[in-house]
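Subject: Handing over the structure, with notes

Hello,

I am passing this structure on to you, and my notes follow below. Please keep the structure open while you read them.

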There are 2 protein chains.
Amino acid sequence: MATSIMIGLSGGPSTAINATLAGIIRRAAAAPEIDGILGAVHGIQGVLAEEFVDLRPCADEEQLRILRQTPAMAIGSCRKKLVPEEYPQIEEILTRKGIGLFLYVGGNDSMDTVLKLSRYFQERKSPIRVVGVPKTIDNDLPACDHSPGFGSAAKYLYHTMSEIIRDSVIYPVQNVVIAETMGRDSGWLTLSAGLPRFLGKTHPQILAIPEVPFVEEDFLEQIRRIFRQGDRTVVCAVSEGIRDPQGTYVGMAAKSGKSDVFGHQYLSGVGKYLEALVTREIGCKVRSIELNVMQRCAAHLASEQDLREAEAVGAEAVELALRGESGVTLALQRKPGAVYAPEITAVPVERIANQVRNVPEEWFQLEDPQVREEIRAYLLPLIQGEPEQLLDEHGLPKYLELPMEGLRF
Amino acid sequence: MATSIMIGLSGGPSTAINATLAGIIRRAAAAPEIDGILGAVHGIQGVLAEEFVDLRPCADEEQLRILRQTPAMAIGSCRKKLVPEEYPQIEEILTRKGIGLFLYVGGNDSMDTVLKLSRYFQERKSPIRVVGVPKTIDNDLPACDHSPGFGSAAKYLYHTMSEIIRDSVIYPVQNVVIAETMGRDSGWLTLSAGLPRFLGKTHPQILAIPEVPFVEEDFLEQIRRIFRQGDRTVVCAVSEGIRDPQGTYVGMAAKSGKSDVFGHQYLSGVGKYLEALVTREIGCKVRSIELNVMQRCAAHLASEQDLREAEAVGAEAVELALRGESGVTLALQRKPGAVYAPEITAVPVERIANQVRNVPEEWFQLEDPQVREEIRAYLLPLIQGEPEQLLDEHGLPKYLELPMEGLRF
């Protein structure tokens, strides 16, 4: 019996999420059991607002290739925590639209929606199956080796840090450069920014991840020691989420103390805060660089390996839903062995929803050669390969534009 | 009679300056009149400190290709204004090293060094010839169509802004994104950030260049009008150098008023300042993004056209010096006609030193379709082509490392 599939994207963007969407559309279009392929514009919020876009017209190879190389989220996103009062409305709308399969692509928070809806439909004995599809640049989803989207962000960070290092050393003056990465709760992105060092370069000498309490005086002493040992440039990669030993975000105290003064609550990300600290306490030239949204949307630097895995995960989610699974989400694993071999598994969504996977404690000793070797071996396969680019008449990459009310580019 | 050539790099980095260095080394190595090829480490400061590196070992095609794809400045840079007391010392050192040709690569300020030294050597009847080689991402060198380095920066800005736009529109909430570009005195980089709009996209709707006085109330009114007209996301590209009608840098007043408070002088670039202003006055979600050094060092996104021209300009500088010219600098022109055809000319260095070329007044009316067409036609040829990349054993781009004391990567 024919049914329709609906896809929603949720949470923060990544470079690989549209590749997952392409994988879903391609597989769904090939399934004789599926007739309609609908996108919920702005995720679950679009379901509630009944804002949909027909994705079947994208199901040809050229469109799918363009979608795959398009950054961010081609059908929009939302940040919304469902409340129980909304479940019946969602069931009514999906049923009315003939939806039997509902795929939701997102991170830890978005899997909360998958968990809630799959349980509700099960209790109600509704035939609608709900499958979660992972994505997050933060790489902090439990029960997996890594997340789709992370590899491209890590590749961006490797290249950009390598370039920033070369930019930082050119003048014959002592200086400190502080690059602020995303990853509020886990240090995976910051480790990726440290890859030049793990590959044997001098910089970045200091990495600060949220998992390790940050002591300002130790940080300053580390910089002073590096200068004493003769390096002229100190490059640091610092997670936006570092906390002091009391658990307070670094720079928060300074920030909230000034929140009554015009605008100051917006002026101090941790990078800017540490820039001011080093300037005051050490007095050399300091520059902070917020890597900002570029680390999550730099499609021009996507990892081919990441895009391939993201696509495969999308296709596998359709398979899973067609096989009747619900309340599960996919997870990327890595088979043991020297050669990188990823593998897609299905896990119950409660193992992922609302939880965080941290950098393992064994990796906190970043000066340990064994740790460096392990991090290198973990990261390198994820950032490999240049995706082919479809170019427009100006020689610039094509992005997909779907006909949607209220979502213009 | 054989002579030696010395090359110094000066000022801020670009993605193309090492391509110019590669062009110089290749041409110099092919000239039977030239024996030594020396790099002055940290430009004229390295001459005074007698810190040199032998560049002849780089004169094979593989090394030159690696040098060409290496970001920033492979032999370091400096920011130094020469004083007359230093001229005799420089003459003595260059003479002692057997240097007959001195090439200096840099922007407006660095050409001041070329001007001073060439005049001094002429007066002293010294046989040392001094030739300037242009580079600047700001594109503000007079007497030329564009500068080596600008095309790659413009390409970075086009791609990154296109990606930021896709990242900015995904949530169903009104929001403003403010991207801060470099270019303290001229708006060429900001125009490049506006290229998605000039190519027919909705964003960025607001561009603010240093040539046009910036009125905060007009800026806020523009944002309000765009919201009223139905766009949910307003993207702005703003030069770091915008000034109010009195000529004061925007945000400076707020900044200097707070300079006694810990660190605040470091917290307010113009992007952060405008973020606070829009938050206070309009109250929607606002994000500022400082494009920072990435726009000048993103080698992974270099324009092949730019690198080719940068190399050609380097080779031509050697030719010019060998022909006995001194006190001149090279300049890229564009032949008239529909097909882009660059041309290298030589101009007296006094026409370039210490001067700024602004965006022409005819281009201030950015809503005029004719103006948009002209800017598009100006920018597009400069950002074309993907350079081939030499990769290392990890599948990552190779960078050249020369054996230099005090310059480690």
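A word on naming before the findings: helices (H or I, at least four residues) and strands (E, at least two) are DSSP runs, numbered from the N terminus. The model is a predicted one, in which local features need pLDDT of at least 70 and side-chain atom pairs count only at pLDDT 80 or more, while totals for chains, interfaces and linings use all residues. Residues are numbered from 1 along each chain as its sequence is written, chains are lettered from A and ligands numbered from 1 in the order in which they are written, and side-chain values use heavy atoms, with hydrogens and water left out.

Grid points are joined across faces, edges and corners, and a volume is the space filled by probe spheres set on the points.

There are five cavities of 30 Å³ or more, and the largest cavity has a volume of about 140 Å³. It is lined by 16 residues, of which A:K272, A:S288, A:E290, B:K272 and B:E290 are the closest to its centre. Which elements each supply at least two residues of this lining? They are helix 11 (270–281) and strand 9 (285–290) of chain A, together with helix 11 (270–281) and strand 9 (285–290) of chain B. If Ala, Val, Leu, Ile, Met, Phe, Trp, Tyr, Cys and Pro count as nonpolar, Asp, Glu, Lys and Arg as charged, and the others, Gly among them, as polar, then the lining of the largest cavity divides into two nonpolar, eight polar and six charged residues.

The largest pocket holds about 1,300 Å³ of space. Its lining has 50 residues, and the closest to its centre are B:R79, B:M182, B:R184, B:E240 and B:R296. Helix 11 and strand 9 of chain A each supply at least two residues of this lining, as do helix 5 (108–123), strand 6, helix 10 (252–257) and helix 12 (294–297) of chain B. By class, the pocket lining has 14 nonpolar, 17 polar and 19 charged residues.

The expected span of a helix is 1.5 Å times one less than its number of residues. Helix 9 of chain B (residues 216–228) has 13 residues and should span 18 Å, which agrees with the 18 Å between its end C-alpha atoms. Its buried residues (buried means under 20% relative accessible area, exposed over 50%, partly exposed in between, with a 1.4 Å probe and protein chains only) are B:F219, B:L220, B:I223, B:I226 and B:F227. Seen down the axis of helix 9 of chain B, these residues fall within an arc of 120°, so they line one face of the helix; the arc is that of the directions from the helix axis to the C-beta atoms. Just after this helix, B:G230 takes a positive phi of about 110°.

Helix 1 of chain B (residues 17–30) reaches 20 Å from its first C-alpha to its last, close to the 20 Å expected. This helix is mostly covered, with ten of its 14 residues buried, including B:I17, B:L21 and B:I25. Among the elements that cover them, by contact (heavy atoms within 4.5 Å), are strand 1 (3–9), helix 3 (61–68) and helix 13 (304–322) of chain B.

Finally, some single residues. B:S162, in helix 6 (residues 150–168) of chain B, is buried with a relative accessible area of 8%, and B:S162 touches A:Y399 and B:P196, not counting residues up to four places away in sequence. The peptide bond from A:H203 to A:P204 is cis, with omega near -10°, and the bond from B:H203 to B:P204 is also cis, with omega near -10°. A:N139 has a positive phi of about 65° although it is not a glycine, and A:N139 is buried, with a relative accessible area of 0%. B:N292, likewise not a glycine, has a positive phi of about 50°, and lies in the loop between strand 9 and helix 12 of chain B.

Best wishes

Technical notes. 1 Å grid on protein atoms, 1.4 Å probe; cavity = no way out; pocket = protein on both sides within 12 Å on 5 of 7 lines; lining within 4 Å.
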